[in-house]
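Thanks for coming, everyone. Please put the model up on the screen, and I'll talk you through it.

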Amino acid sequence: MILRPHLDDYKIIGFYLGKITISIGIAMMIPFIIALAYSEWQGAADFLLSISFTLLVGTLFSIICYTRKDLATMHAMSVAALSWIVAMFVSALPLYLSGHYGSYLDASFEAMSGYATTGLSLAIDLDHMASSYNFWRHLIMFMGGQGIVVIALTFLVRGTAGAFRMYVGEARDEKIMPNVVETARFIWLVSMVYLVLGSGALSIAGIWGGLPPLKAIFDSVCIFMAAWDTGGFAPQSQSILFYHNFLFEIITISLMLLGSINFALHYVVWTGNRRELYRNIEIVTLFISIIVTLSITAWGVLEKNVYAGSLPFSSKTFYHLISGHTGTGFSTIYPRQFINEWGALAMFGVTLAMAIGGSVCSTTGAIKVFRIGIIYKALRQEIKKMLIPETAIFVQKIHHIKDIVLEDKYVRISAIILISYVNLYIFGTVAGMLCGYSLSEALFESVSAAANVGLSCGITSPTMPSALKIVYILQMWAGRLEFIAVMVLFGMVIATFRGKR
Amino acid sequence: MIKTPFRTIWNAVLGISLELVLVYIFIFAGLAICFIWWTVFK
């Protein structure tokens, strides 16, 4: 029996949504300062307006819904799901005011693409976008990758049991440290260390490649945020192709791979358990998956005889495979080249890599290698059970931080998430085909949106049908949150109308 | 997490270095596969 939510339930949700909205308003102060530093007065005015509006909305929510009650699972999941929608609407405001988006829907698409770390973009004339707006796009992506709830946990929310439930609702199911606030802070520590290392390396590569120092540093910070959070936005419309810099490509591949590693794995390796790097089921599965999908993609590209030399063939093929597998979406070719030059087999290889994704509790999207590893082990267990004598007992173990006995509950949840993702991929593919695109185009773009990748074969553009934009927004949202929080939110809406009093 | 600052920093530096080594193993393995495919099937 499902009970109809009480007024207090809505107040708890509203109170925490208010806190999260205030966090976003505070974050907008960074691009505001950048606008002042670059003398972008229009940008400064737009951000001032957006900050005022966002803080006002957040404060109103917090005052009207003020409560001292902690979050139950239903509230936490609903807050996690709703906070991404609220964040999308308020964060789209400065983007819309910039004049680089055809409608508020386009600006909202861009904001959700950023928060979900997808990287699909509907910006018009991105190459001439002012630095403050461009930085905001990348900051949105960085916040989304870290997790909106993680940001709120770091600064504004106490580390209660309810806060942990909210953190879980944001598709982060690993408690790295004993306290969830400490966990959130550790996630920031890892990201800040790599921010310094990654941005520094990219700046040097940029200056070495001929960029003016200020441009090199600005672009490096933006690209770091997009690479580390496996997002895929770039300051230029041609993505990484703009730089024509092999060193840039190698550094971004490294950052993409590092961003796809589980934060819990970072923690154990950084605190002395270094053997975990080659024993962990995620690392092993990721390596095997890259080899398999890369082989399919390479076969497809070779068949089409696109590249004249082994170096461009290897660098382009490997770059896009890693970009897809880690869910980043950086590109060194034009979107239509996937259709016109790479062909169906190579696109299938990249699509498969995108559909699998990186590690759980990382910044990547999609099914995740952990779940693929579990399902493979479960399959192996079933086959072995058939081969050994009936009286023998066979225990299947997996290694993730510690040895874990593979129980049915792990297999069940992995299978549920896998099936949910496959359904989401199909939903977007059908929507794309109904809008007149071919199967391979629609599948590629749908998986890219739902798995939060951002590689495009050319469908995503300001002129695409509005219905498809809404479908992709929903896919990015549900895909990033891994369904559970979204399902609970829908359940709560249904309970509002049909639940027992 | 923090017991002695030196030990903590040393472990973190070693951890980051090994993560970078792992990443470059991935990169070299990937590029090697591409070169092998090119050489064998081109």
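First, the ground rules. This is a predicted model, so to speak: local features need pLDDT of at least 70, side-chain atom pairs count only at pLDDT 80 or more, and totals for chains, interfaces and linings use all residues. Residues are numbered from 1 along each chain as its sequence is written, with chains lettered from A and ligands numbered from 1 in the order in which they are written.

Chain A, then. It has 21 helices and 2 strands; these are DSSP runs, H or I of at least four residues for helices and E of at least two for strands, numbered from the N terminus. The radius of gyration is 22 Å, close to the 23 Å from the globule rule for 501 residues, so chain A is as compact as a globular protein of that length. That radius is taken over C-alpha atoms, and the rule is 2.2 Å times the number of residues to the power 0.38. Of the 501 residues, 55% count as buried. Buried means 20 or more other C-beta atoms within 10 Å of the residue's own, exposed means 12 or fewer, and partly exposed is in between, with C-beta atoms placed from the backbone.

Next, helix H4 of chain A, residues 73–97. In H4(A), 19 of the 25 residues are buried, so the helix is largely enclosed by the rest of the structure. Where does H4(A) bend? At A:Ser91, by about 25 degrees, and A:Pro94 follows within four residues. The bend is the angle between axes fitted to the seven residues ending there and the seven starting there. After H4(A) comes A:Gly99, with a positive phi near 85 degrees.

Now helix H12 of chain A, residues 263–270. Here 7 of the 8 residues are buried, so H12(A) is largely enclosed too. Among them are A:Phe263, A:Tyr267 and A:Trp270. The cover includes H9, H13 and H14 of chain A, together with H1 of chain B.

On to the hairpin. E1(A) and E2(A) pair antiparallel over 4 bridges; pairing takes at least two DSSP bridges. Between the strands is 1 residue, and A:Ile401 in this hairpin has a positive phi near 70 degrees.

Last, the two chains. 20 residues of chain B contact 24 of chain A, contact being C-beta atoms, placed from the backbone, within 7 Å.

Technical notes
Two residues are in contact if their C-beta atoms, placed from the backbone, lie within 7 Å.
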